[in-house]
Amino acid sequence: MTAVLDQFSLLSDFTSDERAALEAYLEPRELDAGSTLYRVGEETDAVYFVVEGAVSIRADGQSLCDLGTGEVLGALCLVSIGRRECDVVGATAAKLLSLTREGYLRLRDDLPALALRLQEGILRSFSSLVRGVVDESRAAPSPVS
């Protein structure tokens, strides 16, 4: 499975040994097309790595985007406990790997340096996303008064 983890940009700074160590904490999950992975308001309990297929991110019944192979969703739940902000359903049949909160706590106890690197990767990814949103808003034409 370690080669599977090579496709995730979130883990691009990890060595192959670190990805192999992380692998022991991941649980495989399959999702049928149209099946719900989680719903808005549910407690955040896992981060999901899309290994194959695609999932659809939805809010108020509207599809916001699809995430496919090599993408990660729900990663902030490892650094901030809260409630899901959207629904996620299978856009196609999908194979996922999940790192549950319990798995993450075991990782943190067993391999604290690796858990910290994962947290740092999640925060870097989130920071990059926020910078992209800010840059887009600055580039958008301002309304004329």
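In which helix does Glu-18 lie? Glu-18 lies in helix H2, which spans residues 16-23. Helices here are DSSP runs of H or I with at least four residues, strands are DSSP runs of E with at least two, and both are numbered from the N terminus. The model is predicted, so local features need pLDDT of at least 70 and side-chain atom pairs count only at pLDDT 80 or more, while totals for chains, interfaces and linings use all residues. Residues are numbered from 1 along each chain as its sequence is written, and side-chain values use heavy atoms, with hydrogens and water left out.

Is Glu-18 buried or exposed? Glu-18 counts as buried, because its relative accessibility is 19%. Buried means under 20% relative accessible area, exposed means over 50%, and partly exposed lies in between (1.4 Å probe, protein chains only). Contact is defined as heavy atoms within 4.5 Å. With neighbours within four places in sequence set aside, Glu-18 is in contact with Asp-13, Leu-114 and Arg-117. Glu-18, Arg-19 and Leu-22 are buried in H2. They cover an arc of only 100 degrees around the axis, so they sit on the same side of H2. The arc is that of the directions from the helix axis to the C-beta atoms.

Helix H3 also has buried residues. These are Arg-101, Gly-103, Tyr-104 and Leu-107. Seen down the axis of H3, they fall within an arc of 160 degrees and so line one face of the helix. The face of H3 turned away from this buried side carries the exposed residues Glu-102 and Asp-109.

Next come the nonpolar cores. A nonpolar core is a set of buried Ala, Val, Leu, Ile, Met, Phe, Trp, Tyr and Cys residues joined through side-chain atoms within 4.5 Å. The largest has 22 residues. Leu-11, Leu-22, Phe-49, Leu-78, Leu-99, Leu-107 and Leu-118 touch the most other members. At least two residues of this core come from each of S3, strand S8 (94-100), helix H3 (101-110) and helix H4 (112-139). H4 gives the most, with 4 residues. Leu-78 is in contact with Val-47, Leu-99, Tyr-104, Leu-118, Gln-119 and Ile-122, leaving aside its neighbours within four places in sequence. A second, separate core holds 14 residues, including Ala-46, Tyr-48, Val-55 and Leu-67.

How are the strands arranged? Strands of a sheet pair through backbone hydrogen bonds, either parallel or antiparallel. Here, two strands pair if DSSP finds at least two bridges between them. An open sheet of 4 strands has the order S1-S8-S3-S6, with antiparallel pairing. Strand S1 (27-31) and strand S6 (72-73) stand at its edges, each with a single partner strand, so one side of each is left without a neighbour in the sheet. Strand S3 (residues 46-52) runs antiparallel to S6, and 2 bridges join them. Phe-49 stands opposite Val-72 in S6.

Strand S4 (residues 54-59) pairs with strand S5 (residues 62-68) in the antiparallel sense, over 6 bridges. The bridge partner of Ser-56 in S5 is Asp-66. The hairpin of S4 and S5 has 2 residues between the strands, and there Asp-60 takes a positive phi near 50 degrees. S4 is also joined to strand S7 (residues 87-90), by 4 bridges, and these strands run antiparallel. Val-55 stands opposite Gly-90 in S7.

Arg-58 has its place in strand S4. Arg-58 is partly exposed, with a relative accessible area of 33%. Arg-58 and Asp-87 are 29 residues apart in sequence, yet 5.0 Å apart in space, C-alpha to C-alpha. Beyond its neighbours within four places in sequence, Arg-58 is in contact with Ser-63, Leu-64, Cys-86, Asp-87 and Val-89. Its side chain also makes a polar contact of 3.4 Å with that of Ser-56. A polar contact is a pair of N or O atoms within 3.5 Å; within protein, one must be able to donate a hydrogen and the other to accept it, and residues adjacent in sequence count only if both atoms are side-chain atoms.

How many disulfides does the structure hold? It holds 0 disulfides. A disulfide is a covalent bond between the sulfur atoms of two cysteines. The cut-off used is a pair of cysteine sulfur atoms within 2.5 Å. The sulfur of Cys-65 is 8.2 Å from the closest cysteine sulfur, in Cys-86, which is too far for a bond. Cys-65 is partly exposed, at 36% relative accessible area, whereas Cys-86 counts as buried, at 14% relative accessibility.
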